[in-house]
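Student: Can we go through how the pieces of this model pack together?
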Amino acid sequence: MKDTFRGGVHPKQNKDPQRVSPLRVYDAKGEMVFPLSQHIGKPAKPVVAKNDEVLVGQLLAEADGFVSATVVSSCSGKVKAIEKRRTISGAMLECVVVENDGEYRKLDGFGERKDYSALTRDEIIGRIKAAGIVGLGGAGFPTHVKLMPKDPGAIKYIIANGAECEPYITCNDRLMREKPEDIVEGLRIILSLFPNAEGVIAIENNKPEAIEAMKKASSGEERIRVLPLKTKYPQGGERSLIKVIAGVDFPITALPADVGCIVDNVGTIYAVQRAVAFREPLFTHALTVCGDAVKEPANLIVRDGTSVSELIDACGGLKEGVSLKKAIAGGPMMGFAMSSLDVPVVKTTNAVTLLCEDGSEKAELEMTACLHCGRCTTVCPQGLLPQLMADAVYIGDLERYEKKLYGLECIACGSCTYICPAKRPLTQTFKQTKAEIMALKRAAGGKK
Amino acid sequence: MNTALNISPAPHTRDKWTTRFIMGVVALALLPTAVIGVIVNGLHALYIILASVLTAVATEFLFDKVCHKPNTFLDGSAVVTGLMLALTLSPSAPLYIPILGSVFAILVVKCFFGGLGKNFVNPALAARCFLLISFGRTMTLFQVDGVTTATPMSDLMAGRAVNVTEMFLGTANGVIGGSALALLVGGLVLWAMDIIHGEICFSVIGGFTLLIGLFGGQGFDPRFLAANLCGGGVIMGAFFMATDYVTSPVSRLGQLIYGLLIGVLGALFRICGTAADSFSYSIIIGNLFVPLIDTYIIPKPFAYRKGADAREKKSFRIPKPVIAIVLITLIAGAALSGVFALTKDTIEEQKLAANTKSYQEVCPEAVSFEASSSGKEAIDALDGGVYGSGFGRVYINSAVVGKDASGNIVGYVISVTSADGNDGNITLSVGISADGTVNGIAFTELNETPGMGMRCGEPEFMSQFAGKNISSFTLVKSGASADGEVDAISGATVTSTAVVNAVNAGVDFYLKTLKGGN
């Protein structure tokens, strides 16, 4: 079997400083902020009111509708406010603010391992839903929805995504090295929902220890295998993994389940294990604090709602004598730049990357006209023609962009922008154009 | 610590390669060629290169300045354009040629169309064509030590013998960037670095070679193909000109078609045309097809291509028209090769008969002729190169030993070709008896001007060589008196000189190689 997809780029890994740092639990001290929308879908509906006392693991907001996820408190204390706050994406969103008393008093009913072998399919999915688990790889799609495809029997592969192809980020690497049995158990739980599926743990070959640990933990498991992959971005993209494992390319309008695949981040699978075996809701997750501006890059187990600036302090703070240019929630390829560090970590925040040098800023200075060198075409994992797409946008021909060049198939992985020697902002243009086309479509649909 | 942070959409990191880096590598890849060009052709070649590059950069700088545009002259593309143009010029061109050419390339072809990435034909080539049209004589004038001389390319176009080794190394007379070896090395480095697309350069060379082989008239003779590939800017065109990003198609299939088109056109112009620089035109024409190719050949994303879904049985079939075309090409090729092979024998036989007849003419005592082994060795050692010095461009074709009925050596016959004839090659046989006396000469190839050069074939002229036992003949205008002096045919000095040189070469070859041996 091939160990990679077509296209892709090789950004500098920058993983070494934090690879060696074991996962360390960090308990926050300040106030905790819980946005009601930490997932794709409808925001959750708050079930607490101001001045209510809450405990660790207590429901703060319940899922509103099918595609939605619950929000759970990660600390104990008093609800200070339910108001709009700046969030990590920069948007002002409705949040539940809890004054953390620092005691971390726990709600009863979770934390102890109980036998779950007798649970039915619906009960397992119910526990995952109640735990508020969403895709921790970054997209934040509610996991219980993903695990309910139309035909569970048609699912051929459950892919545990441990590729971690973003530069800098190492928290999944550490998670796989430190909790391999738990991840395998989580994968086994998911596999129990899909009778015809095989579990594939996909890991880039720059993580030999993780591959070894997962192989050891899954030895003897008939339905699970570990698949080392070539180190190449975006190897951890859903589509790249499906291409390698199932050999299928599918249009953006189709879901992985349509081609018999379900892809879950190893962090998500670990959360599933905690939810099903321990009835523990999702309120902590692994996160990497990294970048050349931070003193002690580290992998942490953080509580949702913790302020980003507090996490930086927990890692020794910023280096002296350097100025922080850019703070990224996530990695440098797909993460988004933060405007402020006083924002809370949410479920999908897998890294905080702090950089002294902003590649985008430098790129702007070096930008020239498009050379038509074709490097973007070579690296596009979707097989698109970014240079022609950019031309189409430039002349305002959205029809050509969408119909002839399949511009909406762009997955915004950033490979074309990364590789462009003329430093054109390709991905950025495509994201914006996609939003424009979708808005136009909605407007046209509304008129009818 | 909450100072202003940069906000911009992902990705936040970039690859190291910049436009300037790529242009720099391309310029570096051309550097060996330029260096060899300067070493072979002298300092004036360096001045041409400098004039071309500096003018190109200055033109872009001034245009941007005058038009109040952000200055782009430092991105390196003007340097590459200037360098490429200079390498396609004659080393004896006056300096206004590169200067005018660079201004045309940068100003008219590039800047007027919107600058980098907007030109629709290769600026350096367009400028070259502009110069060829405007200064035809100056552009095609190739001088060595102040004397206008034929280039290997013009010889090749005229069907004369050429020295492939010289062409390959770049020491032959021709443009500054004439070293096929250096160009090939630079081009392959660019290809290995993924800076140029293999789809283009190899399809150009493939298409060109195939067509030259099929219809060039000499089959797939490696020497002939190599001579065609090494000359006339084919390597330069394939690796550096046709691969120009802006003026080549986007898709791989498009690039293949584009490359084949250029290769095929180049070969057609070479076979049917008369201009030695026709490869420039074929690339320009290829450039003009690019928008059309890019309109019709747009590859679909992976998900929409056939076989995207691996669960379906893969049943990829080569489309029938493709098979048909391939078969037709193969059959036509085989047929042509067959015809060539058949006629080749006949041609050879006829040549052999003509040769034997001429042998007997100049070595009447012999009843049989066989190849001289020492002569063959010496001829092989020449590797098709010019024989000796002081004879002009003469080539030794063969040397045979004449024997009488009892097997005794009675004489030698050397077949010599001179490429210095007025109208093509002159080939003659020099007969020398065992004691070193020239028996006489006989022409096997003489296509000179009737009434003038052709009169060299008359007995009056030819008999002047017979019965002389000397090491060298001297040509005099008239009134030959001393031994070894030969009267020139009046009005045909070129032909007479070529004949005397050829005879002298034959005698020299006899004295140095054949004498006494077998």
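Tutor: Helices are DSSP runs (H or I, at least four residues), numbered from the N terminus. This is a predicted model, where local features need pLDDT of at least 70, side-chain atom pairs count only at pLDDT 80 or more, and totals for chains, interfaces and linings use all residues. Residues are numbered from 1 along each chain as its sequence is written, and chains are lettered from A and ligands numbered from 1 in the order in which they are written.

Student: At what angle do helix α5 and helix α6 of chain A pack?
Tutor: In chain A, α5 spans residues 180-191 and α6 spans residues 208-218. Their axes are 9 Å apart, and the angle is about 55 degrees.

Student: Is that roughly parallel, roughly antiparallel, roughly perpendicular or oblique?
Tutor: Under 35 degrees counts as roughly parallel, over 145 as roughly antiparallel, 65 to 115 as roughly perpendicular, and the rest as oblique. The angle is about 55 degrees, so α5(A) and α6(A) are oblique.

Student: Which residues of α5(A) meet α6(A)?
Tutor: Contact here is C-beta atoms, placed from the backbone, within 7 Å. On the α6(A) side are A:A213, A:M214, A:K216, A:A217 and A:S218. Facing them in α5(A) are A:P180, A:E181 and A:V184.

Student: How many residues of chain A are in contact with chain B?
Tutor: Chain B brings 39 residues to this contact. On the chain A side, the number is 61.

Definitions and conventions
Two residues are in contact if their C-beta atoms, placed from the backbone, lie within 7 Å. Axes are lines fitted to C-alpha atoms, for helices over the stretch in contact, and angles run from 0 to 180 degrees between N-to-C directions. Helices (H or I, at least four residues) and strands (E, at least two) are DSSP runs, numbered from the N terminus.
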